[in-house]
Amino acid sequence: MKDIITLLKPRIYSFKGKGFSKNNKGGLFKLLLFGTIGLLFWGGIFAVSLRVLCYFKEIAELGDILAHKLLSMVLLTFLFLLVFSSILTSLSKLYLSRDLSLVHSMPVPSYKVFIARWIESTVDSSWMVIVYTLPVFISYGIVYQTGLLFYINIVMTLLSLSIIASGISSVLVITAVNFLPANRIRSIFIFFGLCFFLVLFFAFRFLRPERLVDPETFGTALVYLKALKTPAPPYLPSTWAFDSMKALLYGNITEGMFHIALSWSFSGVMVFMVIIIAEAIYFKGLSKTRTAQVRLFNYRSSNRLFLKFLSRPVRAFTVKEVRTFFRDQTQWSQLFLIAALVVIYVYNFNVLPIEKAPIKTVYFQNLLSFLNMGLAGFVLTAITARFAYPAVSTEKEAFWLVKSVPIPLKNYLWIKFIIYYLPLLILTEILIVATNILLKVTPFMMGLSITNIFFMVPGVVAMGIGLGAAYPDFKSENPAQTVTSFGGLLFMMVCAGYIGAVIVIEAGPVYNLFMAGIKETGLSVFEWIWTIGSFAIVFIINILAIVLPMRFGERKLSKVLI
Amino acid sequence: MIELKDLTKKYGNLVAVDNMNLTIPTGEIFGFIGPNGAGKTPTINMIGGILAPTSGTVMICGVNMETYPEKAKSKIGFIPERPYLYEKLTGMEFLKFIADLYGMGEDIFLIKSREKLEMFFLADWSDDLIESYSHGMKQRLVMAAALVHDPEVIIVDEPMVGLDPLAIKMVKNLFQHLAKEGVTIFMSTHTLKVAEDICDRIGIIHKGSLIATGTPEDLKRNVNEIDADLEQVFIRLTEE
């Protein structure tokens, strides 16, 4: 046990050093900022859960069934989320961490190293899921007016489920690594995880839950409610958790204790099994991941004739960027996610019940189209955050090359800008045109949307490249995660402000122009001045959004020490 | 030719490089040695244009690094201590990337790249991803990339780390050959034997200051120990 605690100490010390350093003023600011956002998010989940459960409680008979079904679904989702998160974390902790060579060179049995890593992995993969599902369970306690025992049971249940999920994941990972390389497993799991999520989403969307509020389809809803009473599979750990919580909701202490005991006994078995399996095959699998990669096939360079029109440095960086992107398997799942995001986005517009809206359809369609510019801007921000923001950080420690070659940093950043600008412009224009066609908007609105997006994309991309250059992380194993850093958050906030400002400034003039078109009347002199002034301001904002972040990024990046 | 004039680098209150003045003529191999934390890497990075000095100037073949950084860098072949590269490119693609950035013509690149890959025993691996290379292979690829555009100046930090004896011998011979052809080489190293074997002059840096420069014989005379080896001279000069 002493060895295991010693092995965990570097992590504990680094956590202490990170959180409580007196000289770490920037760190304190970040902690406050992220803490506030986290707290708001937690409060939001709590408020929504409380509202939903109060609503259910008001419905006689049916309300309790719905609340139980919701609890069962939350616990099942909780378990799957934990398993998925645990697989990714345990893969990194057990097989991919840089310090593994060091700890395995110590005179400590490999199973003890495994246990220490497994504890770390369990904590890392589950704390956030626990924290953000807690408000849902607390809401149940408040709405059903339970005693203290229910809240203690929540903690016990979630801990037990976390251990079980982490145990299942570790067994899967340890076994899989003996057959496949650890890096590839991570990509496969991410890919299947996304598939799973998308299948669930589409299944939900194709059910079209909005029809449930339509009296004409009420017959279908009754069938659906009948299905709600179907009991969950008894062999699932989430079912034991559900039975335990449900029993304590109504004060059945003995029944509740029985089910929680069942859950904890299985946790104990899982821990025991994981250690036995790890002792047998963990080190064998680890040794496999340490060997050199097999030379599967040669990569022949293409002649790149289609890029001949570009200047040499631009071509060099473009080719490098495209090749490194497509050869990195972890990026593939991201592309898949984007494709899914686009389909979901467009599909949602397709199923909007516009004809049933209480306001005049033409007006409503065009109002949606106007707001859609903002929504498309936010989608663009999310994609930029994932791809363009980490563009500089993806150079990793090879950034010394960029600084040593005879290309000014300014040019380097503009090359990066162009590489990401073109695909993102095409993607966002496709989004806006497709959704406008589905909304059957007026030609004026179509033209306005296309023009607006054309001028907004460079601003968002420039902010991504510029702020990504200002706050790079060349040490990160996964630069895509840099978006969760301070710089990433700043990028998101600045982009939200930028898109919001453009939409707000244009709202008045666009309304006037649109209504003038509908009523077939002209604009007054004041309206003309307002319109021209607003569009001029938006144009200036767009230019500033391009120039300022790029300059800021260049200035900060030139001072970065390698 | 490399000229450093009053070169200084400060990190807050810490003076990493203190008012360094040095001239290395064309075709000379200059060895740069010093204890850990003496200021070797900041000096090398400033000469390579990777780090901006707090004050002072770096001139590469008469070109001021601060005023014309691109022109100055185009004359340099830079070899860092740790060969961090783009792991998802092949060796040949990496050389092409570098050649494009230095504005090399396609025909010359094809000849030069093959020549360098063969010289550094990498021809058989040129179409494999760099992530599959060993540390020594990456180090050799960095050297090939630094030489592919025929630089007038080579800045090299710990050239022999990770190389096998055959490669070390080859690199030593190569540097001597390049120096004869007029290439100026600035080499930082902890391997004193290598410095003694191939360097025309050696500079010792300690606590950010250049405390001695000269041929190995000059340095021995400095400490009044003609029979001592470079290691003894180094210890005498840098001990507290």
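Between chain B and chain A, about 3200 Å² of area is buried, and carbon and sulfur atoms account for 60% of that. Three residues, B:Tyr84, B:Tyr86 and B:Leu101, supply 20% of what chain B buries against chain A, more than any other three residues. Keep in mind that this is a predicted model.

In terms of residues, the contact takes 33 from chain A and 36 from chain B.

Next, the polar side of the interface. Two salt bridges are counted between chain B and chain A. One of the salt bridges joins the side chains of A:Arg312 and B:Asp100, at 3.6 Å from N to O. Residue pairs in polar contact between chain B and chain A, with both residues at pLDDT 80 or more, number six.

Which helices of chain B each supply at least two residues of the side that touches chain A? They are α2, residues 69-73, and α3, residues 91-101. The largest share comes from α3(B), with seven residues. By residue type, the side of chain B that touches chain A divides into 18 nonpolar, twelve charged and six polar.

Last, the cysteines. A disulfide is a covalent bond between the sulfur atoms of two cysteines. How many disulfides are there over all chains? The count is zero. A:Cys495 has a relative accessible area of 0%, so A:Cys495 is buried. B:Cys61 is at 25% relative accessibility and therefore counts as partly exposed, because the buried class stops under 20% and the exposed class begins over 50%.

Methods: Residues numbered from 1 in each chain as written. Chains lettered and ligands numbered in written order. Predicted model: local features only at pLDDT ≥ 70, side-chain atom pairs only at ≥ 80, totals over all residues. Heavy atoms only, no water. Contact = heavy atoms within 4.5 Å. Buried area = accessible area lost by both parts, 1.4 Å probe. Salt bridge = Lys/Arg side-chain N within 4 Å of Asp/Glu carboxyl O. Polar contact = N/O pair within 3.5 Å; in protein donor to acceptor, adjacent residues only side chain to side chain. Helix = DSSP H or I, 4+ residues; strand = E, 2+ residues; numbered from the N terminus. Nonpolar A, V, L, I, M, F, W, Y, C, P; charged D, E, K, R; others polar. Disulfide = S-S within 2.5 Å. Buried < 20%, exposed > 50% of the residue type's maximum accessible area, 1.4 Å probe, protein only.
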